[in-house]
Amino acid sequence: MIEKQIFRDAMSCLGAAVNIVTTDGPAGRAGFTASAVCSVTDDPPTLLVCLNRSASVWPIFNRNEALCVNTLAAGHEALSNLFGGKTAMTERFSAARWRNGATGCPQLEGAIVSFDCRISQVVSVGTHDILFCELVALERNDESHGLVWFDRGYHQLMRPAC
Ligand SMILES: NC(=O)c1ccc[n+]([C@@H]2O[C@H](COP(=O)([O-])OP(=O)(O)OC[C@H]3O[C@@H](n4cnc5c(N)ncnc54)[C@H](O)[C@@H]3O)[C@@H](O)[C@H]2O)c1
Ligand SMILES: Cc1cc2c(cc1C)N(C[C@H](O)[C@H](O)[C@H](O)COP(=O)(O)O)c1[nH]c(=O)[nH]c(=O)c1N2
């Protein structure tokens, strides 16, 4: 069996977009930073998000049946740290501007793209739940530069034309 630390060190070699995943609904509002997000199928358009069941936000996502994946732009590093740390939910949300999407989940103003989704299926694997998320609506912002989590740090990605 490969040790956990060896696995994490190897996974740190995979660059990934950084996202703030939000929810709102009967259990209230919550959000956390996630790099474990990817496309599953385009028919129906579906993403997946991996959420640690020990996270404080887990019961809230588990009860609400919707979420929004807000992909962060260059300049969002501090916001990402806030949603990735042990900070109070009011402090996390007061650090940025939000609007409500079609599902009622908070959409981050200035996100590169926001995927507003209904959670269609949940599969538990080890410590995490895989949330399969069917797209309801999306909002794009084609002007901002990108942000990637690679080698345990943030890296800005510039658009070619800028
Ligand atoms: N998938 C995740 O749950 C995940 C992903 C990235 C970061 N994080 C958390 O953010 C913090 C900082 O992470 P880091 O990248 O600086 O260093 P790290 O050594 O904790 O993680 C390195 C890489 O391993 C993977 N990873 C980390 N924790 C994991 C987990 N519990 N389950 C599955 N994969 C995991 C991720 O790809 C991560 O980028 C840590 O607390 C980490 O647990 C969690
Ligand atoms: C860059 C980066 C990327 C991720 C994370 C952190 C950071 C900094 N975290 C951890 C997650 O954001 C963190 O556990 C919670 O925000 C902490 O919440 P509580 O303090 O338990 O509310 C995280 N957690 C998770 O379950 N899935 C993920 O994909 C990621 N990815």
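**Figure 1. The loop that holds Pro44, in a predicted model.** Pro44 is found in the loop that runs between strand S4, residues 37-42, and strand S5, in a model that is predicted. The peptide bond that leads from Asp43 into Pro44 is cis, and its omega is near 0 degrees. As a general point of reference, most peptide bonds are trans.

**Figure 2. The surroundings of ligand 2.** In this view 17 residues surround ligand 2, and the closest of them are Thr33, Cys50, Asn52, Ser56 and Phe83. Sorted by kind, the shell around ligand 2 is made up of 8 nonpolar, 7 polar and 2 charged residues. The space that ligand 2 takes up is the largest pocket.

**Figure 3. Polar contacts of ligand 2.** A polar backbone atom of Thr33 is 2.8 Å from an oxygen atom of ligand 2, and a backbone N or O atom of Gly85 lies 3.3 Å from an oxygen atom of the ligand. Lys86 takes part through its side chain, in which an N or O atom is 3.4 Å from an oxygen atom of ligand 2. Taken alone, ligand 2 exposes 630 Å², and the protein buries 82% of that area.

**Figure 4. The surroundings of ligand 1.** The residues around ligand 1 are Arg8, Met11, Ser12, Ser35, Ala36, Asn52, His128, Trp149 and Arg152. This shell divides into 3 nonpolar, 4 polar and 2 charged residues, and the space taken by ligand 1 is the largest pocket.

**Figure 5. Polar contacts of ligand 1.** In the side chain of His128, an N or O atom is 2.8 Å from an oxygen atom of ligand 1, while a polar side-chain atom of Arg152 lies 2.9 Å from an oxygen atom of ligand 1 and a polar side-chain atom of Trp149 lies 3.0 Å from an oxygen atom of ligand 1. On its own ligand 1 has 640 Å² of accessible area, of which the protein covers 60%.

**Figure 6. The loop that holds Asp151, and the annotated region.** Asp151 has its place in the loop between strand S11, residues 146-150, and strand S12, residues 153-157. Although Asp151 is not a glycine, its phi is positive, at about 55 degrees. In general, most residues other than glycine have a negative phi. An unreviewed UniProt entry carries the annotation "domain: Flavin reductase like" for residues 11-156. Over residues 11-156 the chain is 14% helix and 50% strand, with the end C-alpha atoms 19 Å apart.

Definitions and conventions
Residues are numbered from 1 along each chain as its sequence is written. Chains are lettered from A and ligands numbered from 1 in the order in which they are written. This is a predicted model: local features need pLDDT of at least 70, side-chain atom pairs count only at pLDDT 80 or more; totals for chains, interfaces and linings use all residues. Side-chain values use heavy atoms; hydrogens and water are left out. A residue is near a molecule or strand if one of its heavy atoms lies within 4 Å of it. A polar contact is a pair of N or O atoms within 3.5 Å; within protein, one must be able to donate a hydrogen and the other to accept it, and residues adjacent in sequence count only if both atoms are side-chain atoms. Accessible areas come from the Shrake-Rupley method with a 1.4 Å probe; for residues, only the protein chains shown count as cover. On a 1 Å grid over the protein atoms alone, a cavity is a set of points where a 1.4 Å probe fits but cannot get out, and a pocket is an open set with protein on both sides within 12 Å along at least five of seven lines; lining residues have an atom within 4 Å of a point. A molecule sits in a cavity or pocket if more than half of its atoms lie within 2 Å of its grid points. Ala, Val, Leu, Ile, Met, Phe, Trp, Tyr, Cys and Pro count as nonpolar, Asp, Glu, Lys and Arg as charged, and the others, Gly among them, as polar. UniProt positions are given in the numbering used here, feature names are shortened, and annotations may be inferred rather than shown by experiment. Helices (H or I, at least four residues) and strands (E, at least two) are DSSP runs, numbered from the N terminus.
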